[in-house]
Amino acid sequence: MSSLFNDYQPGKFFDEVFSAPGAARSHYEALLSNVGSLTPGDYSSLQKAVDAAFLKMGVTFTVYGDDQGTERIFPFDLMPRIIPQREWERVEAGLIQRITALNLFLNDIYHGQKILTDKAVPEELVLSASHYRPEFKGVKVPHGIYIHICGTDLVRDDKGEYFVLEDNGRCPSGASYMLENRHAMKRAFPGLLQSLPVRPVDTYGTMLRETLEHLAPKGVLDPTVVVLTPGIYNSAYFEHCYLAKQMGVPIVEGRDLIMRNDRVFMRTTKGLEQVHVIYRRIDDDFLDPLVFRKDSLLGVPGIINSYRKGHVALANSIGTGVADDKAVYALVPKMIEYYLDQEPILPNVKTYLGIKKKECAYILDNLEKLVVKAVNESGGYGMLMGPSASKKERSDFADRIKANPRNYIAQPVLQLSRHPVFVDDHFEGRHIDLRPYVLYGDRVRVVPGGLTRVALRKGSLVVNSSQGGGSKDTWVLWDECSDKAASTQLAA
Amino acid sequence: MLSRVADSIYWMARYVERAENLSRLLLSTQDLLLDAGAEGLDEEQFWRPILATTGDEEAYTAVHKKIKGRDVAAFVALRPENPNSILNSIRAARENARTVRDQISDDVWECLNGLRLFVESNEGRSTFRNQNAAFYERVLRRSYQFQGIADSTTPRGEVWHFLRLGTCIERADQMSRLIDTCSAISMDMPPHPQSRPLRWAALLRSCSAWHAFQAEHSKLDPKKIIEYLLLDETFPRSVACCVVELHQTLQCLCGVGSLHHMPAPVRRAGRLRSDLAYTTVDEVLAFGLHEYIDALQTRLNDIGEAIFQTFVLYADLTPLKDDGPLESTPTQPLGAYHVHSDEDAQIQQQQ
């Protein structure tokens, strides 16, 4: 065993690398013998070189609440997270099952609402979701797909079992970091990537473009696809631009687009040019001031009407946020059963709903054991970590839950799996999650790997970038035996 | 290409060029002061032209009572409150680059981002404090690097043309300002006759024309210098040379066929080009150098305005074929990032 990991303590958690102190899992052996042989000084200069490259390239996100609109790099930990092929196959199958069921669900509730009349899920809960868009009922969307790009958050518990934490069916971000992380690893450990059968992720741009082109209105053979961004001051601007570049399509702001005859055009130096598919990175609320928020300057007045008439396609569709409601999330296993007649491959985290009287009582009685979340918040905001919260915070939250039980859910505190992270001059365990990216075009495809997010603060369970999170590259390994099969599959 | 993107590329290039010119101006003035120091010249007399050139006298006097070299240099170089400072020009260049990152090469982007990281860093500030020549040289070198990388990595399409438009028009404008202030100051400096040639030498240095001019002319004759910097098409920083390229670039962009129905930018640039080609320096001086340059700047502005009208606003004005009557659409802010546009930030963060 190498020196860098000699003193590493996996602790009482599920550690991704070590099953016990000094006992590495087999899929990490090659990596450990390589990385472990470095001195702390070598390792940290590699890390510094990567950080400097990220800053130089402007691989940054904007921190709000700072008058300079400070840009920071998303902290990156060099040691990759590895997922063996067999484990990945299960994750992949589970994600495909889930996005399929979610799309059937969205298509249903925006059309016949069969699942509600059959009482498979409670009607009042679904229809009271704040991102449910009744004005969109009955609108036909291309191929009946609502969520084309999904960034599901997965976590592992103390036994290493995978769970779905969130689905993120609106505008999941982070794919650019997944791509940039891999790029950085190629620079830092070229030999290692060559010697290990790591599945590539850099086809994401092409896959995304194919997914989007699939939505083009009928009869358009060479559709114009664009990425719609709020602009350079948006926290995820780097990503919007990066993905546009990867796909080779223009990145536009609302002010670049103009409506004519219910069609969308972009203003170019040579006049107006029609746009057929928009990968929009603007929330529903800001997309069209004629339909949603009247004060929005980011969107395009009339774009929704054009979408309704089928002249332009939007990805993701309108109203997918209903599936992101954390109370509706709790119903996904029932959706899988109802639409697909299957057992969920990836289970949900046990979730108590504030709207159900008995469960609400349980939540209120057990606040110190639970994580409470507001159903529409994300990014680590609007939540209570019961065990670490003060008495006052708990009683404040209890009041809020009582005042509006529909707005809260609670889950047991999961002891997320941990992964070694380089801190100062040695490795320490930090909690991680995984956000794989699922694309739904002419078929469902999952990028092998995804973005592994790390809660860099010691003991923290919150991985969001706004809360001190960082990321890692994620390596899905081909099995030696299935190696050939997989490469032929890729070629096809 | 998107109109907004064209505008951003154009302004990105203009701001880089502006930062470069300011750096060279400060550097040469500082050198000049070292040469003339022994003659006990008034500090103010040396530094006022800088503020006159950049048009910032008023803004400066709002902050400082007296004109002092140190203060002027700091004001022009790094003051965040000065919208025309080198710092803010570089920021604006970089913000525009950021909006068009998908259009420019990674190397161009890294070059500008690196420059902006430098001027905003402690290293940048301390370089400026301790040895400001090194600071200016760093900005200059980066700007050359920008030109070189852009030249060798940009396909000769619209991106390239708008980049050149921005560079040429800004360079022509800065050059005309330089000649104007230098000559005006030089004329009212009779008490120190020996400083006059120094001033003209500094003018040549501040546009990197010293050696080129020396190679062609033996004497520092002000008339020859004005002719060289204004009308000589062979020197790459002269106004005439910039206008020639401006005109050629606009012809490429517009795909000009016949001489009739020529788009406004091509027409205006072409007219200015031939005026410069067929004017003698004696005519310029007879007309009045200051008046001539005033008119020149107005015409450069008109060309800039025509570029904006034609390539950026054009799309709004054209009806589509087989289209019904144009409905009016609410006008929204268009175009590039400039130093004063804070409200954008709030709007974009609202979601």
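These legends walk through several close-up views of the structure above.

The structure is a predicted model, in which local features need pLDDT of at least 70, side-chain atom pairs count only at pLDDT 80 or more, and totals for chains, interfaces and linings use all residues. Residues are numbered from 1 along each chain as its sequence is written, while chains are lettered from A and ligands numbered from 1 in the order in which they are written.

View 1. Among contacts in chain B between residues at least 6 apart in sequence, 70% join residues at least 24 apart; a contact needs C-beta atoms, placed from the backbone, within 7 Å.

**View 2. Domain 1 of chain B touches domain 2 of chain B.** The domain assignment, which is automatic or from a database, gives domain 1 as 1–153 and domain 2 as 170–188 + 195–316 in chain B. The C-alpha centres of these two domains of chain B are 21 Å apart. Their contact takes 20 residues from domain 1 and 18 residues from domain 2 of chain B. On the domain 1 side, helix H1 (3–36) and helix H2 (43–54) of chain B each supply at least two residues, and the largest share, 15 residues, comes from H1(B). That side of domain 1 of chain B has 7 nonpolar, 5 polar and 8 charged residues; Ala, Val, Leu, Ile, Met, Phe, Trp, Tyr, Cys and Pro count as nonpolar, Asp, Glu, Lys and Arg as charged, and the others, Gly among them, as polar.

**View 3. An open parallel sheet of 4 strands in chain A.** Follow the strands in the order E10-E9-E14-E15 of chain A; two strands pair if DSSP finds at least two bridges between them. E10 (251–252) and E15 (313–315) of chain A are the edge strands, each with a single partner, so one side of each lacks a neighbour in the sheet. Strand E9 (residues 225–228) of chain A pairs with E10(A) over 2 bridges, and Val227(A) has Ile251(A) as its bridge partner. Helix H9 (residues 237–247) of chain A packs on the sheet, touching E9 and E10 of chain A, and its direction makes about 170 degrees with that of E9(A) (axes are lines fitted to C-alpha atoms, for helices over the stretch in contact, and angles run from 0 to 180 degrees between N-to-C directions).

**View 4. Strand E17 of chain A is largely enclosed.** In E17 (residues 370–374) of chain A, 4 of the 5 residues are buried. Antiparallel pairing joins E17(A) to E19 (residues 408–412) of chain A through 5 bridges, with Val371(A) opposite Gln411(A). E17(A) also pairs antiparallel with E18 (residues 383–385) of chain A over 3 bridges, where Val372(A) faces Leu384(A).

View 5. A cis peptide bond, with omega about -10 degrees, joins Ala315(A) to Asn316(A). Asn168(A), though not a glycine, has a positive phi of about 55 degrees and is buried, with 23 C-beta neighbours inside 10 Å. Asp424(A), also not a glycine, has a positive phi of about 55 degrees, but is exposed, with 7 other C-beta atoms within 10 Å.

Notes
Contact = placed C-beta atoms within 7 Å. Buried ≥ 20, exposed ≤ 12 C-beta atoms within 10 Å, placed from the backbone.
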